[in-house]
Amino acid sequence: MRVISGSAGGRRLKELSGMETRPTTDKVKESLFNIIQFEIEGRRALDLFAGTGQLGIEALSRGAEHCTFVDRRREAAGLVRENLRHTGLEDRARVIQGDSLAFLEACGETFDLIFLDPPYRTDLLDRALALAGKIDILSEYGIIICETMADRALPPLESPLEWGREYRYGQIKLTVGRRQKGEGRA
């Protein structure tokens with residue numbers, strides 16, 4: 001697993017041992033960042049189920065202004081911090097060790113890019129998407145990118161959020177959701 005492009009391009013990232021973390025493959029990650037390549041520079045990102053932190057780190061390497069990483073496991077949060085130090089990107093990041101859904105409910109921030117790649121066989125993605133719409137966490141023209149199994153149907157999003165395109169890579173699917181202009185915020 002490596003950073004593909006940008007200021008930290010080519011740097012290898014450390015991974016967690018065991019089966020609890022399933023890092024995004026380099027092929028899928030490269031495709032994901034090709035999809036959003038012109039929408040990263042200067043944006044604020046959230047890597048909600050961070051694992052190794054590779055999605056947020058890739059965004060930072062490609063010019064995102066800041067990324068918040070959240071993972072409930074102490075060893076994962078520690079590894080994200082280590083990978084940020086190794087890539088020299090720690091000054092533009094915040095790492096939170098805690099429950100991802102509790103973070104969403106309490107954060108009070110908005111983000112331009114949200115990466116959602118929770119464990120596949122849980123209801124965490126559905127719950128995170130429901131909360132994202134309810135608490136209005138995505139900025140105007142913001143993007144949510146979900147990684148799931150290819151056969152996984154995603155729940156509908158509440159306005160002003162809407163699903164866009166799906167991209168399939170073997171058994172993996174990336175789904176892009178967007179927030180439309182001028183809707184939702186008071």
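1. Contacts of L113. Leaving aside neighbours within four places in sequence, L113 touches I36, E39, I40, R43, R44, A45, L46 and I143, where contact means heavy atoms within 4.5 Å. This is a predicted model, in which local features need pLDDT of at least 70, side-chain atom pairs count only at pLDDT 80 or more, and totals for chains, interfaces and linings use all residues. Residues are numbered from 1 along each chain as its sequence is written, and side-chain values use heavy atoms, with hydrogens and water left out.

2. Setting of L113. You will find L113 in strand β4 (residues 111-116); helices (H or I, at least four residues) and strands (E, at least two) are DSSP runs, numbered from the N terminus. L113 counts as buried because its relative accessibility is 0%; buried means under 20% relative accessible area, exposed over 50%, and partly exposed in between (1.4 Å probe, protein chains only).

3. Strand β7. Now to residues 172-179, which form β7. Seven of the eight residues in this strand are buried, so β7 is largely enclosed by the rest of the structure.

4. Partners of β7. Strand β5 (residues 138-149) pairs with β7 in the antiparallel sense over seven bridges, pairing here requiring at least two DSSP bridges between two strands. Within β7, V176 stands opposite I145. Strand β6 (residues 161-169) also runs antiparallel to β7, joined by seven bridges, and Y167 has L174 of β7 as its bridge partner.

5. The β6–β7 hairpin. Two residues lie between these strands, and G170 in this hairpin takes a positive phi near 65°.
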